[in-house]
Amino acid sequence: MSVEVERKFLCKADTLKTLEEIGAACVGQHQFQDQYFDSINFDLTLKDIWLRKRKGCWELKCPITEETIGGQSKAAALCTRYKEITNLPEIQLRVKEVLKDVCEDTDTSSSQENESWLSKMNLVCFAEYKTVRRSFILEEGVQIDLDQADFGYDVGEIEVLVPEGGDVQSALEKIERTAQKLGLTGDQRVEGKMSVYLKRNNPQHYAKLLSEHIL
Ligand code: V4E
């Protein structure tokens, strides 16, 4: 399990040129499709828990509990931090735990190869989109992704993966350094793909997450 620390930014016409000028190395382009799942009452996402399937693999993103979040710097406030779980049995356990009040106790142990565990837990796909991603590396461990989503939204992100028990503070500093090199200004958080997707395709879900300050 690792923690993903990330800052999103708006892609501008000169972003590619800036990346080149600051010496970021392009490490490739790939395309993937994401499918996100939740109960019909949004029990996972209302807890800021995001279950998705990408390139045939399951991923669960959960918020991390942080002591310092109240007194954080402006730069740190622009970053999100999520725990990433990629082991399916662990994901199923975690989801079951979160849904225990709204879902009967289900045995998912034999549901590794197929997707019957989703219906057993009353989970449905609520968002599906493709992304073309160009990735760049600036300094060790700092990745910059330029994403183009198929519903017409472009967004960049600076990302550092921190192994379990690693130094989140140093990740925040690396992201801030990178943001300065990229000349990012403004202290408003930039919307992610999901936020824009839900606003356009599922305004009821979007409004609920907004009212609970998840998005
Ligand atoms: C919406 C959301 C999550 C789902 C994943 O969203 P996002 O980070 O936009 O996806 P993507 O494709 O860039 O994932 P990656 O390849 O980097 O793993 S996870 C957390 N959230 C909530 C959230 C939020 N409240 N604010 C911002 C700026 N981003 C995400």
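**The ring cluster and what surrounds it**

Tutor: Let's start with the aromatic rings: Tyr36, Trp50, Phe126, Tyr129, Phe151 and Tyr197 are joined into a cluster by ring pairs. A pair here means that rings of Phe, Tyr or Trp (its six-membered ring) have centres within 6.5 Å; planes under 30 degrees apart are called stacked, over 60 edge-to-face, and the rest tilted. Before going further, keep in mind that this is a predicted model, where local features need pLDDT of at least 70 and side-chain atom pairs count only at pLDDT 80 or more, while totals for chains, interfaces and linings use all residues. Residues are numbered from 1 along each chain as its sequence is written, and side-chain values use heavy atoms, with hydrogens and water left out.

Helices (H or I, at least four residues) and strands (E, at least two) are DSSP runs numbered from the N terminus. Buried means under 20% relative accessible area, exposed means over 50%, and partly exposed is what falls in between (1.4 Å probe, protein chains only).

Searching the whole structure turns up 8 aromatic pairs. One of them is phenylalanine 37 with tryptophan 58, a tilted pair with 5.3 Å from centre to centre and 50 degrees between the planes. Because phenylalanine 37 belongs to strand β2 (residues 25–38) and tryptophan 58 to strand β4 (residues 57–63), this pair ties together parts that are 21 residues apart in sequence. Phenylalanine 37 is buried, at a relative accessible area of 6%, and tryptophan 58 counts as buried too, at 9%.

Which residues around the ligand are the closest? Of the 20 residues that surround it, the closest are Arg52, Arg54, Lys61, Glu157 and Lys193; to be near, a residue must have a heavy atom within 4 Å of the molecule. For polar contacts, think of a pair of N or O atoms within 3.5 Å; within protein, one must be able to donate a hydrogen and the other to accept it, and residues adjacent in sequence count only if both atoms are side-chain atoms.

The side chain of glutamate 6 has an N or O atom 2.8 Å from a ligand oxygen, and the side chain of glutamate 157 has one 2.7 Å from a ligand oxygen. Lysine 193 likewise places a polar side-chain atom 2.7 Å from an oxygen atom of the ligand. On its own the ligand has 640 Å² of accessible area, and the protein covers 94% of that. Such areas come from the Shrake-Rupley method with a 1.4 Å probe; for residues, only the protein chains shown count as cover.

As for its location, the ligand sits in the largest pocket. Two or more residues of the shell around the ligand come from each of β1 (2–9), β3 (50–54), β5 (79–85), β8 (153–163) and α6. A pocket is an open set of points on a 1 Å grid over the protein atoms alone, where a 1.4 Å probe fits and protein lies on both sides within 12 Å along at least five of seven lines. A molecule sits in it if more than half of its atoms lie within 2 Å of its grid points.

Aspartate 147 is in strand β7 (residues 143–149) and is buried, with 1% relative accessibility. Its side chain has another polar contact of 2.7 Å, this one with the side chain of arginine 133. Alanine 149 is in strand β7 as well, and it counts as buried at 7% relative accessibility.

One last stop is the loop between β2 and β3, where you'll find aspartate 48. Aspartate 48 has a positive phi of about 65 degrees despite not being a glycine, and it counts as buried at 12% relative accessibility.

Note on methods: On a 1 Å grid over the protein atoms alone, a cavity is a set of points where a 1.4 Å probe fits but cannot get out, and a pocket is an open set with protein on both sides within 12 Å along at least five of seven lines; lining residues have an atom within 4 Å of a point.
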